[in-house]
There are 2 protein chains.
Amino acid sequence: MGAQGDQDMTGAARFVISVDAMGGDEGPAAVVAGMALSARKNPRIGFILHGPGDTLGPLVAKRRELAGRVTLRDAPEVVSMTDKPAHVVRHGQGSSMWSALESVRAGEATVCVSCGNTGALMLMSVIRLRKLPGIYRPAIAVMWPSQNPQQHNIMLDGGADIRADAKDLMQYALMGASYARNGFGLKCPRIGLLNVGTEEHKGRAELREAHDLIAANAASADFEFVGFVEGRDLPGTRCDVIVTDGFTGNVALKTGEGIANLITDLLREAFAYTPLSRLAALLAYTSLRRVKKRVDPRRANGGVFLGLNGTVVKSHGAADATGVSSAIKLAFDLAQSGFTEKLANRVASATPLDITGNGGEDARHDTGDDNHGDLAP
Amino acid sequence: MGAQGDQDMTGAARFVISVDAMGGDEGPAAVVAGMALSARKNPRIGFILHGPGDTLGPLVAKRRELAGRVTLRDAPEVVSMTDKPAHVVRHGQGSSMWSALESVRAGEATVCVSCGNTGALMLMSVIRLRKLPGIYRPAIAVMWPSQNPQQHNIMLDGGADIRADAKDLMQYALMGASYARNGFGLKCPRIGLLNVGTEEHKGRAELREAHDLIAANAASADFEFVGFVEGRDLPGTRCDVIVTDGFTGNVALKTGEGIANLITDLLREAFAYTPLSRLAALLAYTSLRRVKKRVDPRRANGGVFLGLNGTVVKSHGAADATGVSSAIKLAFDLAQSGFTEKLANRVASATPLDITGNGGEDARHDTGDDNHGDLAP
């Protein structure tokens with residue numbers, strides 16, 4: 001049960017998601033609850049679930065929605081949030097994370113979902129799935145709430161690598177554009193490059209170089225480049241995809257979370273302040289819930305690792321059942337759209353930056369190498 | 001009227017603030033309105049106001065609160081938001097910004113307030129006021145709303161310089177601690193260093209070096225070092241002062257603004273959605289206002305330039321009268337507390353990093369120079 005290409009009772013194709021049950025703050029019960037939520041909504045999802053069999057068996061057995069739709073893979077070891085990535089890669093072969101990636105590597109599933117340690121998951125993904133030819137730094141694409149018609153913007157890198165040079169940023173633009181096209185159905189996504197001002201003379205030297213590189217690739221890669229954007233444009237309407245290095249992206253992401261949490265706390269206190277405000281809170285309940293739903297990080301949950309031979313959805317470490325279910329929905333949508341193959345084709349046709357011809361796995365492209373815009377071989 | 005050391009009608013000392021009327025998005029009328037708000041609340045403020053005399057004269061004359069408390073300095077030229085800093089410094093001698101700084105340089109006022117172009121204001125401040133001995137990179141300290149007892153956290157650098165090495169970050173910690181002690185009355189402020197994770201092995205090499213440098217200075221400089229913090233701690237309660245480079249700080253600041261604006265917009269829409277939600281909005285008006293006041297960037301308005309011979313308060317470019325008045329209040333508090341001298345003493349006694357002895361104006365301290373913690377000469 002659960003192999004790729006299976007069918008559900010109506011005969012439609014079933015897509016199998018490989019799920020790492022362990023490593024999240026809420027433990028495997030939240031992951032299994034999230035799977036049950038998704039299974040109830042979508043009859044076309046199947047699962048391979050990885051973790052300690054004696055823990056997972058009873059959890060799955062309790063959920064009627066999951067009957068006959070889950071293959072269990074016993075993997076007794078767990079990667080913890082405090083494990084160093086390099087240690088995990090050397091010693092993590094018995095872990096649920098490793099096992100979950102193996103299912104993608106073996107072609108049993110096209111997408112893997114994990115709530116675990118981001119650094120370890122990225123390093124393990126790179127080693128097991130390998131980078132796409134021509135890609136030096138894979139990236140994590142994350143979503144921001146926005147007032148754009150699609151209700152979300154994409155930002156990358158959300159924290160896969162604390163460094164990114166001009167060419168990495170240009171590849172992030174290409175990968176982000178591809179994700180926006182497939183994930184949001186945007187024909188010509190608007191791409192912005194994150195900086196401290198919108199004037200072209202501002203910012204670090206590598207950003208000015210990246211600006212010119214991205215501009216040179218916009219037409220051939222079917223996106224619109226809006227130039228430099230600022231922090232306020234991450235949840236704004238000036239563009240659909242924001243490109244930045246993983247350090248800045250990660251700080252911005254957690255800052256946004258922090259401000260959203262502060263405002264939620266302050267609203268809660270304000271509405272508990274007087275009897276009148278408590279009455280208002282009752283009447284406003286639906287309105288407040290609507291806003292919370294829009295900015296709730298759990299609903300936009302799931303960073304996607306881009307630039308690998310296979311797709312990995314990294315769910316928030318603190319994800320509860322709603323968050324896990326949201327990550328599974330994203331994984332399903334991407335599996336169904338054949339996103340991995342489309343992205344690979346886009347990168348292959350648009351960025352022959354690796355002029356050494358060894359597949360880009362180890363060849364560091366030199367920052368001084370100035371063949372940007374030179375898209376023909 | 002208006003010279004330092006004047007007295008108000010009760011005989012108490014009056015503090016003179018030097019105000020640049022030009023360069024803000026809302027124009028000089030908003031600046032004069034902000035001055036009037038401050039003058040009404042505080043009889044101990046006097047002003048020297050810089051800008052085109054024929055524009056400012058009538059604006060001041062309309063405000064009864066300002067009668068007899070404003071000295072006008074005619075400066076016909078205006079630094080615009082799009083002027084390049086280097087150009088402004090070469091050609092800006094006739095500008096209101098230059099004139100406003102001259103009043104501080106000449107000792108007529110101890111604090112200057114401007115809404116203008118940040119880059120130009122910082123460069124001009126460095127050239128006219130000069131850096132404190134031993135300081136290589138001055139910083140902009142900005143405020144974040146938080147649930148700490150003082151209701152705000154301090155972050156620096158908010159965007160004075162896009163670069164900062166380990167020693168700059170250590171000096172930011174010292175300056176931020178001094179600001180928190182004088183501005184918030186915190187005896188032993190808690191300092192955090194912004195990174196992508198709280199584990200000590202994470203982040204860029206210069207951040208790990210800065211971590212050790214700051215830790216080595218904590219005891220002698222009377223602050224508690226909490227180690228690495230994340231974006232969510234900027235508006236959080238883990239520390240009172242957050243240290244980061246000006247690129248990351250500026251992106252985080254604008255990201256926080258963007259998220260706050262998005263939530264405000266979504267709340268407005270949600271409360272206009274149905275008749276019931278409109279009624280709830282009426283009842284919740286006071287509660288919502290209370291929250292808005294807490295997170296309103298205009299109320300925490302005013303970044304402070306630290307590390308100069310003189311204090312400069314940079315108000316938000318989009319500041320309205322409330323924002324300008326808030327920046328003036330901050331300027332007054334700092335002038336009254338003798339903050340500039342206290343900070344200079346703290347830096348002089350705690351950071352003899354400049355071992356060349358030429359006053360630190362041009363001596364770049366080498367990143368490899370490892371005499372941290374070596375506080376005695």
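Here is a short chat about a predicted model with chains A and B.

Biologist: What should I know about the numbering and the model before we start?
Modeller: Residues count from 1 along each chain as its sequence is written, and chains are lettered from A, with ligands numbered from 1, in the order in which they are written. Local features need pLDDT of at least 70, side-chain atom pairs count only at pLDDT 80 or more, totals for chains, interfaces and linings use all residues, and side-chain values use heavy atoms, leaving out hydrogens and water.

Biologist: How much of chain A counts as buried?
Modeller: Buried means under 20% relative accessible area, exposed over 50% and partly exposed in between, using a 1.4 Å probe on protein chains only. Chain A has 377 residues. The buried share of them is 59%.

Biologist: Which residues of helix H2 in chain A are buried?
Modeller: Helices are DSSP runs of H or I with at least four residues, strands are E runs of at least two, and both are numbered from the N terminus. H2(A) covers residues 53-61. Its buried residues are A:Leu56, A:Leu59 and A:Val60.

Biologist: Which backbone oxygen does the side chain of B:Arg69 reach?
Modeller: B:Arg69 sits in the loop between helix H2 (53-61) and strand S3 (70-74) of chain B. B:Arg69 is buried, at a relative accessible area of 11%. At 3.0 Å, its side chain reaches the backbone oxygen of B:Ile45.

Biologist: How much area do chain B and chain A bury between them?
Modeller: Buried area is the accessible area (1.4 Å probe) that two parts lose on being put together, summed over both. Here 73% of it is on carbon and sulfur atoms. The total is about 5000 Å².

Biologist: How many salt bridges are there between the two chains?
Modeller: A salt bridge needs a side-chain nitrogen of Lys or Arg within 4 Å of a carboxyl oxygen of Asp or Glu. One of them joins B:Arg232 and A:Glu257, at 3.4 Å from N to O. Between chain B and chain A the count is 6.

Biologist: And which element gives the most to the side of chain B that touches chain A?
Modeller: Strand S5 (139-145), helix H8 (246-271) and helix H9 (275-295) of chain B each supply at least two residues. With 21 residues, the one giving the most is H8(B).

Conventions. A polar contact is a pair of N or O atoms within 3.5 Å; within protein, one must be able to donate a hydrogen and the other to accept it, and residues adjacent in sequence count only if both atoms are side-chain atoms.
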